[in-house]
Amino acid sequence: MLLNEVFPLNALSGVELLSLTPLFILAVGAILSLIVGTHKEKGHTFAFGVAFASLVSCLFVYASTTTLPDVSILGETLIFNPFTKTIAAMAVGFALIAVVLTYGQDKKEGLLSEIYALIQFSTAGMILMMTTQHLLFLFIALEIMSLAIYIMVAMRRSSRFSAEAGLKYFILGGLASAFLLYGSSLVFGATGSFQLGTIHTFLLAHNEPSFIFYVGLGMVLVAMLFKVGAVPFHGWVPDVYQGAATNVTGFMGAAVKFTAFMALARICQNLVFVDNIVALKWFETTIYVIAAASMIYGNFVAISQNEIKRMLSFSTIAHTGYLLLGLYAMKLGEESAQSVLLYLFFYAVANLGAFAVISQFEEKNQKDLTFDQISGMGAKHPVLGAFFTLFLLSMAGIPLTSGFIAKYGLFSSAVYAGEIPLVVIAVLTSVVSVYYYLRVIVYMFMKDTTSEAATYQGLKGAGLAAFLSAAATLQFGLFPRAIISFVKMISK
């Protein structure tokens, strides 16, 4: 009865209920996954089946409701329109690939069947993060997503690396959450609202908000920069990437990063990019400096790495820098926002595929694959070698891949916005990244197999996830017009 008073379901229209349906599906699916996962012999298979059906159903609902009228729930706390539904569907798609990747690896790594329920719970949190316009509700959604991820990172119970990674990620996440909650309360104290749209209107009407607002906004931005892994807030991100099971690392690098960055972009659009307040230029300059630092640090440190997952973890810091370049350019138009969304989507697809290939060669409880262990992999397993090459070339931004389309669009929008110095840094550091991506390819195809060579695990789920990611990467690289037109349409 209390729930009905706070959130009266019987007062919702049919369109509003349809918009909330994916959240209901994920909640029911997660609970069912927990129940069927207790089966002694086929618990993992049953839990996988429920999670797979749940996520596919969510995609079907989004595909069916994208053209429905815009919906605002709880006083514009949750907004469902074609744009928010599309980015939510993208997160669900990443979760679906992660579930497929997990199947088979769960038993190899000794992961509990509860991981399928945790993926669904975290995906529900992602949907709420990307549809909310309310700072306090954003904190709640962030916690729903993060609590599940903390458990997933530490789930390899027999690996001390996993336990260490889980503790480090929990500390980082707790720190970020504290900054977000306290910062949001200060913003509320200065403006009288948690609603991003209302705060934006307040800032347009007041050229000089109180000092408390700037402190609160700074704390909110720090929290989100922690979540996207930008320098100097990257902290233990490489250690977490190494210690977590590879399927979890792929899920984090794709879905979590996608979600956190979309939330950061919405905050910046409403609270930072306000032209009539001169003091906010300091925050814009800070984003500018962090973008440059992330690109330089991530790429140059990645060169010195001899372990694949750790190299990719520093690479993702560099990609955060590229995305911050696009974010900085967003203040001058919606074209930059479209390029940021495309970059996030294409990078996440390639990232998931790369970790799917890596999982095929890792031993149980292994911390990371070394370059020597992948020597000759391309000759022994040409299909997986070709997939991995495609993903690496895409992340490097080589033509005929989706990564090239993404980088070209992002850099072009930044040039149009007049951010030439930052674009020069981005281009030069991208050239640096080509070196360490090609280094992996050289080891796979041009080095002889050594006694340390990794053993092929034959995980069918990982193979399917790699295939799906490779198909998407090649499809969007060769024929990008359709998705670019679609993103432009939903961004208007």
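1. Let's start with L400, which is exposed, with a relative accessible area of 57%. Here exposed means over 50% relative accessible area, buried means under 20%, and partly exposed lies in between (1.4 Å probe, protein chains only). L400 sits in the loop between α17 (382-396) and α18 (402-416). Its phi is near 75°, a positive value in a residue other than glycine. Helices (H or I, at least four residues) and strands (E, at least two) are DSSP runs, numbered from the N terminus.

2. A word on where the values come from. This is a predicted model, in which local features need pLDDT of at least 70 and side-chain atom pairs count only at pLDDT 80 or more, while totals for chains, interfaces and linings use all residues. Residues are numbered from 1 along each chain as its sequence is written, and side-chain values use heavy atoms, with hydrogens and water left out.

3. Another backbone feature to look at is the peptide bond from V231 to P232, which is cis, with omega near 5°. You will find P232 in the loop between α10 (211-228) and α11.

4. Now to the charged side chains: a search of the whole structure finds four salt bridges. A salt bridge here is a side-chain nitrogen of Lys or Arg within 4 Å of a carboxyl oxygen of Asp or Glu. Take K168 and E164, whose side chains meet in a salt bridge at 2.7 Å, N to O. The two residues are four apart in helix α8 (residues 160-191), so about one helical turn separates them. K168 is buried, with a relative accessible area of 15%, whereas E164 is partly exposed at 35% relative accessibility.

5. D239 counts as partly exposed because its relative accessible area is 22%. If you step back, E164, K168, D239 and R310 are linked in a network of salt bridges.

6. It is also worth looking at K309 and E362, whose side chains form a salt bridge of 3.7 Å, N to O. Again the pair links distant parts of the chain: K309 belongs to helix α14 (residues 308-329), and E362 to the loop between α15 (334-359) and α16 (377-380), 53 residues apart. How accessible is K309, and does it count as buried or exposed? K309 is buried, at 0% relative accessibility. E362 is buried too, with a relative accessibility of 0%.

7. On the surface, V28, I31, L32, L34, I35 and F121 form a nonpolar patch with about 500 Å² of accessible area together. Patches are made of residues with over 30% relative accessible area and no salt bridge, where like charges are joined within 9 Å and nonpolar side chains (Val, Leu, Ile, Met, Phe, Trp, Tyr) within 5 Å. The areas come from the Shrake-Rupley method with a 1.4 Å probe, and for residues only the protein chains shown count as cover. Helix α2 (residues 14-36) gives the most to this patch, with five residues. L34 lies in that helix, α2, and counts as partly exposed because its relative accessibility is 36%.

8. For helix packing, have a look at α3 (residues 43-65) and α4 (residues 82-102), whose axes come within 10 Å and cross at roughly 160°. That makes α3 roughly antiparallel to α4. Axes are lines fitted to C-alpha atoms, for helices over the stretch in contact, and angles run from 0 to 180 degrees between N-to-C directions. Angles under 35 degrees count as roughly parallel, over 145 as roughly antiparallel, 65 to 115 as roughly perpendicular and the rest as oblique. The crossing of α3 and α4 is left-handed, a term for a near helix turned anticlockwise from the far one by less than a right angle, with right-handed used if clockwise.

9. Finally, two buried residues in helices. A260, in helix α12 (residues 246-272), is buried with a relative accessible area of 0%. Its C-alpha atom is separated by 16 Å from that of F170, 90 residues apart along the chain. V357, in helix α15, is buried with a relative accessible area of 1%. The C-alpha atoms of V357 and V56 are separated by 23 Å, and the two residues are 301 apart along the chain.
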